[in-house]
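These are notes for a colleague who is opening this structure without having seen it before. Please keep the sequence and the model in view while going through the points.

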Amino acid sequence: ADGTGATWRGDGQGIPLLYPILISFPFRIGSPVDGYGLAKLLGVAVSSLVVVPVWLLARELVGHRLALVVAALSVAGAWMSYSALLFSENLALPLATASLCATVMALRRPGSRWIWVALAFAAAAVYTRVILFAVPIAILGALLLDVARQPVPERRARAQLHRLPLMLLGAAFGVGLVVFFAASTIGRYALPEIGQLSIGGVAEQFAKHGLSLAVMTGGLPLVATLGLALRGENWRDRDSGPLLAVLLPVLVVMLMAAATFTDSIAVPWPIERY
């Protein structure tokens, strides 16, 4: 806000800058106390924008009226309590959600520009919060699942429609693996070293984060997802198929990212906001 860049008491901070840039504007208005209050209001407003991509997708699946109910539910959960704090999640939530909703649209209309919209929002989400590198990985998984859910004679044609984003995401994933194994830090967050991780510890944190997610969402969404996923015809359906192809990879990848991170820093409990 005062023009010195991403520094704290003279030390440079190697953090994703999108959120600090966003909240720097309120601090240019009036006193620091006023800026703090305005920044919190801005966080609530930005976090609530999650209703926009949810409504746009839901109206395609359930119609305009029911889409309003779906959008309202997206801001009715315990997770919204974090929007009153100065957390980068406030900006990351709508960006990541927009990316995933756009991915569902891309699978409904393969070969369209929706996939590039999804990747643009995913890049913005990662530049807001590092742990959201899970979003482009989930998109890669969703594209592969979309190919796999097609009848065997149609898989080659569907893979051709996804060829360019698959190549781009595959290359990015390969670079990410190199960074994971070669680098020690990304920004302020230490990358988990292989020696610090244990299969049992990651599995325990995975289960804890999954349980936390089930509690925060009231359980019903996860039960409904499991029920849909267990029926083969739902994977081939034009509406539920793309939704499942996106939802399952992002659940697994996000839980795994959170589990790996928390196991590496020896936190005994799940970080709910993830």
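**Notes on helix packing and selected residues**

1. Val215 is placed in helix α10, which covers residues 199–216. The model is a predicted one, and the values below should be read as computed from it. Is Val215 buried or exposed? Its relative accessibility is 63%, so Val215 counts as exposed, the cut-off for that class being over 50%. Along the chain, Val215 and Phe87 are 128 residues apart, and their C-alpha atoms are separated by 22 Å.

2. Leu85 belongs to the loop between α4 (64–73) and α5. With a relative accessible area of 39%, Leu85 is partly exposed; this class lies between the 20% limit for buried and the 50% limit for exposed. Leaving aside residues up to four places away in sequence, Leu85 touches Tyr19 and Asn90. Val44 is 41 residues from Leu85 along the chain, and the two C-alpha atoms are separated by 8.4 Å.

3. The next points concern pairs of helices. Two packed helices are described by the angle between their axes and by the distance between those axes. For helix α3 (residues 51–62) and helix α5 (residues 89–108), the angle is about 25 degrees and the axes are 8 Å apart. An angle under 35 degrees counts as roughly parallel, so α3 is roughly parallel to α5. Their crossing is left-handed.

4. Which residues of α3 and α5 meet? On the α3 side they are Pro53, Val54, Leu57, Glu60 and Leu61. On the α5 side they are Pro94, Thr97, Ala98, Cys101, Val104, Met105 and Arg108. Sorted by class, this contact of α3 with α5 has nine nonpolar, one polar and two charged residues.

5. Arg108, one of the α5 residues that meet α3, deserves a separate look. Arg108 is placed in helix α5 and has a relative accessible area of 8%, so this charged residue is buried, being under the 20% limit. The side chain of Arg108 makes a polar contact with the side chain of Asp239, at 2.6 Å. Not counting residues up to four places away in sequence, Arg108 touches Glu60, Leu61, Arg238, Asp239 and Pro242. Glu60 and Leu61 are also among the α3 residues listed for the contact with α5.

6. Ser240 is found in helix α13, residues 240–264. The relative accessibility of Ser240 is 12%, and Ser240 therefore counts as buried. A polar atom of the Ser240 side chain lies 2.7 Å from the backbone oxygen of Asn234.

7. Helix α5 also packs with α7, at an angle of about 15 degrees and with the axes 11 Å apart. That angle makes α5 roughly parallel to α7. The crossing of α5 and α7 is right-handed, whereas that of α3 and α5 is left-handed. From α5, the contact with α7 uses Ala96, Ser99, Leu100, Thr103 and Leu107; from α7, it uses Val135, Ile139, Ala142, Leu143 and Asp146. These residues divide into seven nonpolar, two polar and one charged.

8. How do α6 and α7 pack, and at what angle? Helix α6 (residues 114–126) and helix α7 (residues 134–148) pack at about 155 degrees, with their axes 9 Å apart. Angles over 145 degrees count as roughly antiparallel, and α6 is therefore roughly antiparallel to α7. The α6 residues in the contact are Ile115, Ala118, Leu119, Ala122 and Val126, and those of α7 are Val135, Pro136, Ile139 and Leu143. By class, the contact of α6 with α7 has nine nonpolar residues, no polar and no charged ones.

9. Val147 has its place in helix α7. At a relative accessible area of 15%, Val147 is buried. Where does its chain come back to meet it? Beyond residues up to four places away in sequence, Val147 touches Arg155, Arg158, Ala159 and His162. One of these, Arg158, is 11 residues from Val147 in sequence, and the two are 5.8 Å apart in space, C-alpha to C-alpha.

Note on methods: Residues numbered from 1 in each chain as written. Predicted model: local features only at pLDDT ≥ 70, side-chain atom pairs only at ≥ 80, totals over all residues. Heavy atoms only, no water. Axes fitted to C-alpha atoms, helices over the stretch in contact; angles between N-to-C directions. Helix = DSSP H or I, 4+ residues; strand = E, 2+ residues; numbered from the N terminus. Parallel < 35°, antiparallel > 145°, perpendicular 65-115°, else oblique. Left-handed = near helix turned anticlockwise from the far one by under 90°. Contact = heavy atoms within 4.5 Å. Buried < 20%, exposed > 50% of the residue type's maximum accessible area, 1.4 Å probe, protein only. Polar contact = N/O pair within 3.5 Å; in protein donor to acceptor, adjacent residues only side chain to side chain.
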